[in-house]
Amino acid sequence: MALAQPEPGGVLAGRIDPRTDPRSGPLRGTLATTACMETLQVGYLHAVVAAAGCSLSQPFPDNGIDWHVSHGAPEHVVDDEVTIKVQLKATYQIPAGPAGPTFGFTLDNEHLVKLARTPVAVHKILVVMLVPRERDQWLSAGHDGLDLRHCCYWTNLAGHPVTGRRRTTVRIPTTRIFDDRALCEIMTRVGSGGTP
């Protein structure tokens, strides 16, 4: 059985002349940018969860929380498996590597109330992904890896007050990069009876 080799430059190479075609780069689909941002952040979450050795489930129907992440370890005191709820958000309005200890992110008050509720049986975190405005800058692939741009940050909003009439700006710490190590640390704290 012969396997086809990829065409140099992609399958459209030679069909569109980049010198005369107004589009630059590959022909991308017409799906709304916000919908594509949601898909990108889900891919980021899946990668982090896999590297942390966690399991992932999506509530159906969604009641305002995107994902449940579970972490099993015999060292947990509360239970052998603990779970947190994760709400994903993404924006291209904040540049990569925000300066200062925090950056502002605005939530609808109704959503903030859900994330800020306390006490809770299952803790919740907000994960905010900063992405480039242009989709062709979201990722790059090579023989040694796939890089997603730019970064996700997390925070626990338990007890956060509503301050705006319809929307409230919350502060996201730039030190809380959401990666596999951060997720394992969050689960270790929750597994010992603490908060994320």
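Good morning. By class, the lining of the largest cavity in this structure comprises 3 nonpolar, 2 polar and 2 charged residues. Here Ala, Val, Leu, Ile, Met, Phe, Trp, Tyr, Cys and Pro count as nonpolar, Asp, Glu, Lys and Arg as charged, and the others, Gly among them, as polar. The model is a predicted one, in which local features need pLDDT of at least 70 and side-chain atom pairs count only at pLDDT 80 or more, while totals for chains, interfaces and linings use all residues. Residues are numbered from 1 along each chain as its sequence is written, and side-chain values use heavy atoms, with hydrogens and water left out.

Let me stay with the cavity. The residues that line it are Leu115, Arg117, Val120, His123, Lys124, Asn156 and Ala158. About 50 Å³ of space lies in this largest cavity, and the search of the whole structure finds 1 cavity of 30 Å³ or more. On a 1 Å grid over the protein atoms alone, a cavity is a set of points where a 1.4 Å probe fits but cannot get out; a pocket is an open set with protein on both sides within 12 Å along at least five of seven lines; and lining residues have an atom within 4 Å of a point. Grid points are joined across faces, edges and corners, and a volume is the space filled by probe spheres set on the points.

I turn to the largest pocket, which holds about 530 Å³ of space. Its lining has 23 residues, and Met37, Lys89, Ala90, Thr91 and Phe105 lie nearest its centre. By class, the lining of the largest pocket divides into 9 nonpolar, 9 polar and 5 charged residues. Which element gives the most to this lining? Helix 1 does, with 6 residues. Helix 1 (33-52), strand 3 (81-91) and strand 4 each supply at least two residues. Helices (H or I, at least four residues) and strands (E, at least two) are DSSP runs, numbered from the N terminus.

Strand 4 pairs with strand 9 (residues 167-173) in the antiparallel sense over 7 bridges; two strands pair if DSSP finds at least two bridges between them. The bridge partner of Thr102 in strand 9 is Pro173.

How many aromatic pairs does the search of the whole structure find? It finds 1. The ring centres of Phe103 and Tyr153 are 5.4 Å apart and the planes stand at 75 degrees, so the pair is edge-to-face. For such a pair, centres must lie within 6.5 Å; planes under 30 degrees apart count as stacked, over 60 as edge-to-face and the rest as tilted, with the six-membered ring used for Trp among Phe, Tyr and Trp. The pair links distant parts of the chain, Phe103 in strand 4 and Tyr153 in strand 8 (residues 151-155), 50 residues apart. Phe103 is buried, at 5% relative accessible area. Buried means under 20% relative accessible area, exposed over 50%, and partly exposed in between (1.4 Å probe, protein chains only).

Finally, strand 8. Here 5 of the 5 residues are buried, so strand 8 is largely enclosed by the rest of the structure. Cys151, Tyr153 and Thr155 lie on one side, Cys152 and Trp154 on the other. Strand 8 pairs with strand 5 (residues 124-130) in the antiparallel sense over 5 bridges, and Leu126 has Thr155 as its bridge partner in strand 8.
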